[in-house]
Amino acid sequence: MFHKISISFILSVILSVSCTLPGPGDDPADSWLAYAVASGNGNLVTYVNATWTVPAYPTTREGGNAPGWWFGIEPNPASDLIQPILAYGFTGDNYVIFNGYYQWDNSDWWYSDVGSVVPGNTVYAEVSYDSSTNSYNMNISCIETGWSVTSNIAVESGKLYTDVYFVVEHQPNTCSEYPADGKIVFKDIHIVWQKGGSPQWKGIQYQDACNCTPTIIDPATIQFTWDTQ
């Protein structure tokens, strides 16, 4: 879950606060086209990392709904999302990377500084648990430019992060608003749970658009494809 920065979004937040208070929810959000999930089954996740490549620019460069490609960790129920993100159209007609944190119980959305990336750049991200502070350190970086940002997210009282998600988010108005090469691959995925275990992935087409499809290539590689026209 992340929101595009726009005047309409700011106004919608103001109106939602002044008119109605949103009730509790959880993920998967209706903005998710497709995702893959590995459940920890009550086992604390202590480390996740992955690498992915910035895809081609969309054929339609402007006017989209800020598509995003990210992984995240959540408790069960999925109410607090820690997520290093690659997004297009978040701050304009370009790609950026940043860290995000979304809480369903109060609709609080926080994000870090953003860094610009271009097609072909390599994105690396990791999330690691710090038991001394009961928090997670989240880092996302661009290998070619060296830009990176690290954020620390405290674990909300009573929450146990167990599940790992890889997600394609935000339905486009037309398929040409998604990257023109039609796919993204998360690779070198490494997950550590406190009591051990290997990821048992489940790929799901959720609120689909453009035939966005997850494919589990192997436990360390997940591909998403979509139609571009």
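Mentor: In this predicted model, the side chains of Asp80 and Lys159 form a salt bridge, with 2.5 Å from N to O. Asp80 belongs to strand E4 (residues 80–88), whereas Lys159 sits in the loop between E10 and E11, so the contact ties together parts of the chain that are 79 residues apart in sequence. The two partners are placed in contrasting surroundings. Asp80 has a relative accessibility of 0% and therefore counts as buried.

Glu156 is partly exposed, with a relative accessibility of 25%. Through shared partners, Asp80, Glu156 and Lys159 are joined into one network. The count for the structure comes to two salt bridges.

The loop that carries Lys159 lies between E10 and E11, and strand E10 (148–154) leads on to the sheet, where it is one of the edge strands. Seven strands make up this open sheet, ordered E10-E9-E8-E2-E12-E15-E14, with antiparallel pairing. The other edge strand is E14 (213–218); E10 and E14 each pair on one side only. On average, and with direction ignored, neighbouring strands of the sheet are turned by 20° against each other.

Strand E9 (residues 135–142) runs antiparallel to E10 and is joined to it by seven bridges. Within this pairing, Tyr136 has Ile153 in E10 as its bridge partner.

The cysteines form the next topic. The structure holds one disulfide, which joins Cys175 to Cys210 with an S to S distance of 2.1 Å. The link is left-handed, with -105° about the S-S bond. It connects distant parts of the chain: Cys175 is in the loop between strand E11 (163–169) and strand E12 (183–193), and Cys210 is in the loop between strand E13 (201–205) and E14, 35 residues apart. Cys175 counts as buried at 17% relative accessibility, and Cys210 counts as buried at 13%.

A disulfide requires the two sulfur atoms to be within 2.5 Å. Cys212 is itself buried, with a relative accessibility of 0%.

One further pair brings together separate parts of the sequence. Ala29 lies in the loop between helix H1 (7–19) and strand E1 (32–38), and at 3% relative accessibility Ala29 counts as buried. Ala29 and Gln207 are 178 residues apart in sequence, yet their C-alpha atoms are 8.7 Å apart in space.

To return to the part requested, the salt-bridge network consists of Asp80, Glu156 and Lys159.

Terms used: Residues are numbered from 1 along each chain as its sequence is written. This is a predicted model: local features need pLDDT of at least 70, side-chain atom pairs count only at pLDDT 80 or more; totals for chains, interfaces and linings use all residues. Side-chain values use heavy atoms; hydrogens and water are left out. Two strands pair if DSSP finds at least two bridges between them. Helices (H or I, at least four residues) and strands (E, at least two) are DSSP runs, numbered from the N terminus. Axes are lines fitted to C-alpha atoms, for helices over the stretch in contact, and angles run from 0 to 180 degrees between N-to-C directions. Buried means under 20% relative accessible area, exposed over 50%, partly exposed in between (1.4 Å probe, protein chains only). A salt bridge is a side-chain nitrogen of Lys or Arg within 4 Å of a carboxyl oxygen of Asp or Glu.
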